[in-house]
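Student: I'm new to this structure and would like to learn how to read it. Can you walk me through a few features?

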Amino acid sequence: MGEDGSVTSAPQCPDGPTPTPRLIATDLDGTLLRDDKSVSQRTVDALAAAEEAGIEVFFVTGRPARWMGVVSDHVQGHGLAICANGAAVVDLHAFDPHTDRSPTGREFVQVRALPRLTALKVVEALRAAAPGTSFAVELTTGINYEPAYPPFFQDPGANVATAEKLLQEDTDESSAPVLKVLAHHAELAPDEFLELARANAGAYASITRSSPTALLEISGPGVSKASTLALCCEERGISAAEVVAFGDMPNDVEMLGWAGTSYAMGNAHPDVIAAASGRTVANNEDGVALVIERILAERAARTRS
């Protein structure tokens, strides 16, 4: 759930007719997924109808690849998703949805890693600017974290040590690319922490957030949902004007600004509402499905006329 309350009225559409896109790019948490992390039947049907109409659907999320089981059954054809805020393009067909693991280890189609030395500079800057910050390191092989990092999701296979040690080049996992570093602060407000981090470490890396808590997500320079989506679209000969995007939190802002048509969810952060060209209802009311249904209905009406 975002931070701006819910919208229950009909979507606010961008000016003019809604174009028929070639690709739909949608965030997951707070956007496509309901708050209980389920995908409603209405949304499942809308995604399938879009694919049947020849519109590609890309899931574009801050989630790591191992948390994609919730939607792995709902990808068609290409089976690709953009994970970790653009740090990885993942083949969901490589996953076992029951274990959230890949039996082949070939799920990563593309990785845009955060250099370890760059990550160390960010850690150093944030320790100085925001004492009390704790860190976790998200790798292609899983997550490791500091002893003080909150136990959001315990991973029995995680290494627990200081971020400096976890990021050392001579660790056992030095060959595993770093997808992002997570930074948590127990006292600062979420947007305050984000602003502080960007002011003190934004020259080194891309810094954003998708959590309602003061939890920042730090990626390599220039790595974002938008930049990786643009690369995927370029490979397919799809322009920004042919993309419709959906999101709810600050890590979606660049993507919504890049896409030709974009929607902030009814539960979206104010920055997201400002970046999007339109607004739909909240995630719990199937806001993504509602827009897809309208796009397909308008397309059918044009075909009949």
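Predicted model: local features only at pLDDT ≥ 70, side-chain atom pairs only at ≥ 80, totals over all residues.

Student: Let's take a helix, then. How many residues does α5 have, and how far does it reach?

Tutor: Helix α5 covers residues 190-201, which makes 12 residues. From its first C-alpha to its last it reaches 16 Å, close to the 16 Å expected at 1.5 Å a residue.

Student: Which residues of α5 are buried?

Tutor: The general idea comes first: an α-helix has 3.6 residues a turn, so residues three or four places apart point the same way. Now the case here: the buried residues of α5 are P190, F193, L194, A197 and A201. Looking down the axis of α5, you find these buried residues within an arc of 100°, so they line one face of the helix.

Student: And which exposed residues sit on the face turned away from that buried side?

Tutor: On that face α5 carries E195 and A199, both exposed.

Student: What covers the buried residues of α5?

Tutor: The cover includes a helix, α3 (116-129), along with the strands β8 (178-184), β9 (206-209) and β10 (215-219).

Student: Next, cysteines. How many disulfides are there in the whole structure?

Tutor: A disulfide is a covalent bond between the sulfur atoms of two cysteines. Searching the whole structure turns up zero disulfides. Take C232: its nearest cysteine sulfur belongs to C233 and is 7.0 Å away. To count as a disulfide, the two sulfur atoms would have to be within 2.5 Å. For C233, likewise, the nearest cysteine sulfur is that of C232.

Student: Are those two cysteines buried or exposed?

Tutor: C232 counts as buried because its relative accessibility is 4%. C233 is buried too, at 0%.

Student: How many salt bridges does the count come to?

Tutor: To read one, look for a side-chain nitrogen of Lys or Arg within 4 Å of a carboxyl oxygen of Asp or Glu. By that rule there are 15 salt bridges. One of them joins the side chains of K225 and D27, at 2.9 Å from N to O.

Student: Where in the chain do K225 and D27 lie?

Tutor: They belong to distant parts: K225 is in helix α6 (residues 225-236), while D27 is in the loop between β1 (23-26) and α1 (28-32), 198 residues apart. K225 is buried, with a relative accessible area of 1%, and D27 counts as buried at 4% relative accessibility. There is also a network of salt bridges here, linking D27, K225 and D252.

Student: What does D29 form a salt bridge with?

Tutor: Its partner is R63, and the closest N and O atoms are 2.7 Å apart. D29 lies in helix α1 and R63 in the loop between β2 (56-60) and β3 (80-83), so this pair ties together parts 34 residues apart in sequence. D29 counts as partly exposed at 23% relative accessibility, whereas R63 counts as buried at 12%.

Student: Give me one more. Which residue does R42 pair with?

Tutor: R42 forms a salt bridge with E293, with 2.7 Å between the closest N and O atoms. R42 sits in helix α2 (residues 41-52) and E293 in helix α9 (residues 287-304), so the pair ties together parts that are 251 residues apart in sequence. R42 counts as partly exposed at 33% relative accessibility, and E293 is also partly exposed, at 33%.

Methods
Residues numbered from 1 in each chain as written. Heavy atoms only, no water. Helix = DSSP H or I, 4+ residues; strand = E, 2+ residues; numbered from the N terminus. Expected span 1.5 Å × (residues − 1). Buried < 20%, exposed > 50% of the residue type's maximum accessible area, 1.4 Å probe, protein only. Arc of directions from axis to C-beta. Contact = heavy atoms within 4.5 Å.
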